[in-house]
Amino acid sequence: MTDISAKIAGVELENCVFNAAGPKDVTLEELEAIAKSASSAITMKSCTLDPRTGNAEPRYYDLPEGSINSMGLPNLGYREYVNFTSVLKQHGKPVVASVSGLKLEDNVEIVSAFNDSEADLIELNLSCPNIAGKPQVCYDFEQSDEVLKQVVRVCKKPIGVKLSPYFDFVHFEQMAEILQKHRIAFATCINSIGNALVIDPEKESVVIKPKGGFGGLGGKYVKYTALANVNKFHELLPEIPIIGCGGVYTGTDVFEFILAGASAVQAGSVFMQQGPDSESVYAKERLRKIGRFHGEIKDV
Ligand code: DHB
């Protein structure tokens, strides 16, 4: 059998594809569905200090090739997710905690709590675009440096970051330097492209309610930006595993991310649209190519 396994910060994944934080991963019931699916790990919804109901609805909208959302971090509060880890671990898969505190002290408290949980990896979300008045932390390099300094200091588990896309070589370099400085265990590239605007010409209106219709764009629209981010961070930080995310719908997409330099791949929009059993993502013929691939992408 072809080996399509992956290893992130010492944590073994049976195959290299698992769910991205966000879609259908808020409740224990949803997380157990992921546990029973082909997803090789169970990533939980980004959590805050206290429970949140999230933004006003409609706050998610399917697009022909992806989605736009402004969920606003609806979640049960970190204490529930700390408790869920022991239940989820019984399924025999790694559990990934996604931490998205609204301020630095929250992140320190939440990460400290996950130290005493059965989470295998912690993904610090520095890239949520949907909280009014709270900029995406990873676009502020000084703040990112400070957050990572404080959080890494208390964290006893392998901790990585989830990043927004960058569009400028200087910004890739600045963030890479910060990740290296704090010995970050992995980086997930990319979160949705923040603050896109979808307009329905028939209704002459925006399609989601929060923030005047602005929300994070995901799916096929973002795949090439995601591949570029994976490739650039892999080039700048060859020692740090990069998890690809953005527009993964098929085994071919997965393979493209591996070619770009990803160590593993997360599926987001497709999980929202087709559920955690989205067969196409695990399309065997393409995943098998991953097992035979041991190199770098070629120049034309
Ligand atoms: C939400 C969206 C994100 O892109 C993210 O990283 C975290 C939370 C949200 O709106 O719930």
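Author: A salt bridge is a side-chain nitrogen of Lys or Arg within 4 Å of a carboxyl oxygen of Asp or Glu. The structure above is a predicted model, and it holds 11 salt bridges.

Reader: What makes the contact between Asp 106 and Lys 103 a salt bridge?

Author: The side chains of Asp 106 and Lys 103 meet at 3.3 Å, N to O. The cut-off is 4 Å, and the pair therefore counts as a salt bridge.

Reader: Why is Asp 106 called buried?

Author: The relative accessible area of Asp 106 is 8%. Buried means under 20%, so Asp 106 is buried.

Reader: Why is it said that the pair of Lys 223 and Glu 256 ties together parts of the chain?

Author: The closest N and O atoms of Lys 223 and Glu 256 are 2.7 Å apart, in a salt bridge. Lys 223 lies in helix H6 and Glu 256 in helix H7, so the bridge ties together parts that are 33 residues apart in sequence. Asp 253 is linked with both residues in a network of salt bridges.

Reader: Are Lys 223 and Glu 256 buried or partly exposed?

Author: Lys 223, at 7% relative accessibility, falls under the 20% limit and is therefore buried. Glu 256, at 26%, lies between the limits of 20% and 50%, so Glu 256 is partly exposed.

Definitions and conventions. Residues numbered from 1 in each chain as written. Predicted model: local features only at pLDDT ≥ 70, side-chain atom pairs only at ≥ 80, totals over all residues. Heavy atoms only, no water. Buried < 20%, exposed > 50% of the residue type's maximum accessible area, 1.4 Å probe, protein only. Helix = DSSP H or I, 4+ residues; strand = E, 2+ residues; numbered from the N terminus.
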